[in-house]
Amino acid sequence: MPPAGILALSADGHRPEYPQQLASFDGEAVGHCSHEPIALLASEAKRWSGVTCHIRSNGLISYMRSKEFDPDDVLQEALKTFWQQGFEGTNMPELLDSMGVGRASFYNAFGSKREVFLQTLDLYFVMVRTHLEGLILDVRDPRTAAALLIDGILAVAKSPEANATGWRGCLIGNTALEVGGNDEEIVDRLKVGVEILRALFRKAISLPSSAGVRRSKREIDQIALQLVANVQGLLVLAKSGLSEADIKLARSAMLATIR
């Protein structure tokens with residue numbers, strides 16, 4: 001199924017194929033994604049952005065060129081809005097205003113608010129993975145690497161805009177709490193996001209320990225999952241007004257399990 005924003009027929013009249021992709025990180029399978037990688041999505045969407053399709057009476061397709069925009073840029077703005085306000089909390093006028101596109105151009109390129117939200121989740125996973133992976137690239141100690149990942153996740157979850165608690169949270173946790181298990185496609189995407197975080201923590205815990213501790217693959221998997229669950233829970237509490245002192249205390253408790 002072609003991504004939203006790509007016309008059903010290509011320029012030569014043939015229907016393009018978009019097979020499901022198996023998302024992976026650090027060589028490990030982390031789940032199925034119903035779209036091409038975000039970079040390919042963006043490049044394809046850019047080819048067709050601003051194009052309006054019309055069916056003539058003779059059945060041929062004609063195209064009208066409207067104002068073009070960069071899908072990468074507008075998805076970044078949509079991500080900021082959804083992150084701060086949530087999917088249901090963002091109405092169409094607010095979304096169009098944040099993206100800086102007209103209603104007709106929006107529907108031609110993306111199809112729906114939900115499709116934009118799905119694409120912003122994909123974009124969020126790429127951004128977070130790239131950022132966190134860079135933090136531990138040259139680290140050789142598991143405790144230091146885990147600390148950098150926890151601090152990196154907390155830093156990303158800080159709100160750049162003034163609000164009651166100073167936190168915007170993790171988009172994975174926010175979406176899970178808002179949408180719950182009601183949307184299978186969104187749930188599948190959230191699983192990919194969680195597995196990306198687990199893979200990062202597995203990579204950190206797998207580093208040689210300066211204390212000479214040797215961990216089995218099972219233990220590494222358990223610790224990684226526990227860290228993901230703990231940091232996600234901590235972000236929910238932070239958004240609920242948990243004090244900075246208690247946040248630091250929880251961080252220390254997470255790291256105490258790593259030697």
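This is a predicted model: local features need pLDDT of at least 70, side-chain atom pairs count only at pLDDT 80 or more; totals for chains, interfaces and linings use all residues.

**Helix 10**

Helix 10 covers residues 244-255, and I checked its length: 12 residues at 1.5 Å a residue should span 16 Å, and the end C-alpha atoms sit 17 Å apart, so the two agree.

Next I asked which residues of helix 10 are buried. I got Ile 247, Met 254 and Leu 255. They lie on the same side of helix 10, because the arc they cover around the axis is only 95 degrees. On the face turned away from that buried side I found Ala 245 and Leu 249, both exposed. I then looked up what the buried residues pack against, and noted helix 6 (142-157) and helix 9 (217-239).

**Leu 96**

I moved on to helix 3, residues 92-99, where Leu 96 is found. Is Leu 96 buried or exposed? I have it down as buried, because its relative accessible area is 10% and the cut-off for buried is under 20%.

For its contacts I skipped residues up to four places away in sequence, and Leu 96 still touches Val 101, Gly 102, Arg 103 and Phe 106.

**The core**

I wanted to know which residues touch the most other members of the largest nonpolar core. That core has 64 residues, and the answer is Met 99, Phe 106, Phe 110 and Tyr 124. I noted that Phe 106 is also on the contact list of Leu 96.

I followed up on Met 99, leaving aside neighbours within four places in sequence. Its contacts include Phe 106 and Phe 110, and the list also has Val 74, Glu 77, Ala 78 and Val 116. A general reminder to myself: in soluble globular proteins, nonpolar side chains tend to be buried together.

**Whole chain**

Last, I zoomed out. I count 10 helices and four strands, running β-β-α-β-β-α-α-α-α-α-α-α-α-α from the N terminus. Of the 259 residues, 43% are buried. The chain exposes about 13,300 Å², and carbon and sulfur atoms supply 55% of that area.

I also looked at contacts between residues at least 6 apart in sequence: 62% of them join residues at least 24 apart.

Conventions
Residues are numbered from 1 along each chain as its sequence is written. Side-chain values use heavy atoms; hydrogens and water are left out. Helices (H or I, at least four residues) and strands (E, at least two) are DSSP runs, numbered from the N terminus. Buried means under 20% relative accessible area, exposed over 50%, partly exposed in between (1.4 Å probe, protein chains only). Contact means heavy atoms within 4.5 Å. Accessible areas come from the Shrake-Rupley method with a 1.4 Å probe; for residues, only the protein chains shown count as cover. A nonpolar core is a set of buried Ala, Val, Leu, Ile, Met, Phe, Trp, Tyr and Cys residues joined through side-chain atoms within 4.5 Å. The expected span of a helix is 1.5 Å times one less than its number of residues. The arc is that of the directions from the helix axis to the C-beta atoms.
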